[in-house]
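Please open the model in your viewer and keep a selection tool at hand. The tour goes from one selection to the next and says what is to be found at each stop.

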Amino acid sequence: MKLIKKITFIIIFLSLNFNAFGAVSGFVDSKGVTQKLAHGITFKPDGTKMFVVGLSQNKIFEFDLSTAFDISTATKSSNEYLHVSEQIDARDIKFNSDGTKLFLAGTDDQEINEYNLSTAYDVSTSVHQNIYFNGDGLNFVAIAFNTDGTKLFIYDKTGNDSIKQYSLGSPFDLSNAVLQKQYRGTSSKTLREINGTPQGFAFSSDGSKMYVTGTGTQKIKEFTLSTPFDLSNVTLESDGYDLSGQIDEPAGIAFSDDGLKLFILDFENNDANRDVNEYDLTCGFGVISCIDPTANKDDVASIETQSETTKKLIQHTTYPVLNRMEWLRRNSGRINLTNQNIKFQFNNEILNSLSDTLIPLYLSNDNSNDLNDQSSSWSFWSEGTISIGKVGDDSASSAKSINTSAITLGADKKGEDNIMRGIALRFGTDDIDVGTLGSALDMSSFGLTFYSSKPKGDQRFTDSLLGMSFINSNLINNSGSASTDGERYGEQLYGSLSLRDTFSNKRLNFTPKLKINYGITHLGAYKETGSTGLNLEYEDQYIGNFTSSLGTSLDNTYDFEVGSFIPYFDFEYYADMSPASKQKFSYVSNGESFTLENIESSTHNFSSGIGFDFISDNGLTLMTKYTRDQAQNHKNDSFIIALDYRGSQRSSYAMSFQDSSAQLSHNKELNDFKVNIDSHYDFFKDDPDYGVYLEISNVN
């Protein structure tokens, strides 16, 4: 008997506390808005204005909130709009993204009325423009738009109810709305059976969740959409959140921008003091459960991007060095191994000291660098890279657009042991757009690489390199009307070993190559800011990299009176055998944790490149290369260029970088005078500084 009592008590306890496992932390406040039969509610995005409409009221009511999304601070504004001539029984109200358009849905004429506002979010400036859906036989309950206004959703209570999804040809333009699909309920229950008499519905800011209220159940029903703002695959979450005891007839529903505040209108006719009800949520838009970031394609893509970009960084950092060693092979019989002329200045004293040692401010005018000379001096080189790539979307992750730009500076020297050794510095930026809502990753990196090329005969070489990179990433995770920001630091160690052998037939050189890349990246922990209910905290992440490749290159040399032209072609297949990584993270607001497993890149990849070297007798050296990197659902295009001109030992041209300024200099000795012409341009300022300076001085 005691056992039965205990079991009965447990059942009763669980029944009474069913919602304790949801994300609603509790009721906060009610606010009377002198609006009986209140049905539709919306807010200005910053939470400083609230708008309410209802049946038999004929008005749009506007309220000012001195504290954003705190209805206890709401006071009725003098701004209001009387819509009796267009729509008497208003069911819902929505704005476009900037508040200059207003849409009013109602049951009087079963239509949506559009208004233009001369002052954003000031309903007193409304001017009626158009009527839509009149005569289409819809019975309006509520309406909603996706984030960019290219989709319209209508809750239609005709029959057993349905939520209709329309595509719009232009954002917030209902003139050419096309019905795409409908949601009518689960396989076993209609939407009316699930929800009772419908009154309101809304989406989370990222479109991954949908919420419906009804007076038959006194509950908020929460649905998960496998694709944001797409009714193709909708899942009902549990039995809903029970509002009975606080709200008699739940109607319109709205959220704060971060999803931590929930607002429900009470449609009950006899108590105007409880029109608007405010609730706190423990995580953004989590009425029943928090949004699962591992099920959100943009969130998954953002995490994958961090892993993929750091792995690509190893590739992008090693390629210029390997290109340099290939360039040395193609030009091994020439006396000048300097294929650039760049002047570099840094405000940082450490970098200045380093640049003074490795990269003299004006690179050597000594043209006597002989590859066969055991005492050859340092040779200096540089390579600029612009890369554009795209990774397509899949069932779990959004598409990514990738833009990379970098400059690599290097110096090398052949030692007495016949081994070419060098050092290279790379400064690069990666700008990656994720999905369609505005999520992005901006990564800057600095890499330091030590390399060597060891001959194993006349045409056989072993190339090796070892280096490190330092990474700084700025991340934006945009979920529609709300976004979060984060800053993440990382470090990277990498290496590469390449074996190549050249076979020559007359002027055609054929070079098969075998290469192995390896590395490890550490990305530090960081915490997002910007939208409290959606902020995530990420733990440290370790990303391994191991790829092997097999490839070949072909080149030929054509000598002309003005110089030599060397076209070449590369082809490479590489297999990514890196171990999968994982990322652990949690909501800052309530600590609920998640793990994204098996983050990995494409296994099979193909890379091909075409380019040429041009070395003129008058001192001009040009190297260009176009590369296409292709894998399943992924492609990347890169363009590389290196340019140098040295007219004589008494004349030189130089390009310089200092902070955000680019400078071009020309120095020439004329008789006993030194002429120096400098021009500069600040390319990051809205109103850039630029100028030209002329300096004449004695040689001695």
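Select histidine 39, which is buried, with a relative accessible area of 1%; buried here means under 20% relative accessible area, exposed over 50%, and partly exposed in between, with a 1.4 Å probe and protein chains only. This is a predicted model, in which local features need pLDDT of at least 70 and side-chain atom pairs count only at pLDDT 80 or more, while totals for chains, interfaces and linings use all residues. Residues are numbered from 1 along each chain as its sequence is written, and side-chain values use heavy atoms, with hydrogens and water left out.

Histidine 39 lies in strand S2 (residues 38–43); helices (H or I, at least four residues) and strands (E, at least two) are DSSP runs numbered from the N terminus. Now show the side chain of glutamine 199, which is joined to that of histidine 39 by a polar contact of 2.6 Å. A polar contact is a pair of N or O atoms within 3.5 Å; within protein, one must be able to donate a hydrogen and the other to accept it, and residues adjacent in sequence count only if both atoms are side-chain atoms. If you extend the selection to residues in contact (heavy atoms within 4.5 Å), leaving aside neighbours within four places in sequence, those around histidine 39 include Val53, Leu55, Arg91, Val141, Leu265 and Phe267.

Next, select strand S10 (residues 140–145), where six of the six residues are buried, so the strand is largely enclosed by the rest of the structure. S10 pairs with strand S11 (residues 151–156) in the antiparallel sense over five bridges, pairing being assigned if DSSP finds at least two bridges between two strands. Phenylalanine 145 is placed opposite leucine 152 in S11, and in the hairpin of S10 and S11, with five residues between the strands, glycine 149 has a positive phi near 75 degrees.

Move on to cysteine 283 and cysteine 290, which form a disulfide with their sulfur atoms 2.0 Å apart; the criterion is a pair of cysteine sulfur atoms within 2.5 Å, and by this rule the count is one disulfide. The link of cysteine 283 and cysteine 290 is left-handed, with -105 degrees about the S-S bond, and both cysteine 283 and cysteine 290 are buried.

Leucine 448 has methionine 468 in S26 as its bridge partner, and the hairpin of S25 and S26, with four residues between the strands, has glycine 457 at a positive phi near 145 degrees. S26 also pairs with strand S27 (residues 483–501), in the antiparallel sense over 19 bridges, and here threonine 462 is opposite leucine 499 in S27. The hairpin of S26 and S27 has four residues between its strands, and glycine 480 in the turn has a positive phi of about 110 degrees.

Finally, colour the protein by pLDDT, the predictor's confidence in each residue from 0 to 100: the average is 81, and 80% of the residues score at least 70. Over residues 1–22 the pLDDT is below 50, and this stretch has eight contacts beyond near neighbours in sequence. Residues 339–375 also stay under 50, although the model has 97 contacts for them beyond four places in sequence. Where pLDDT is low, the predicted coordinates should not be read in detail.
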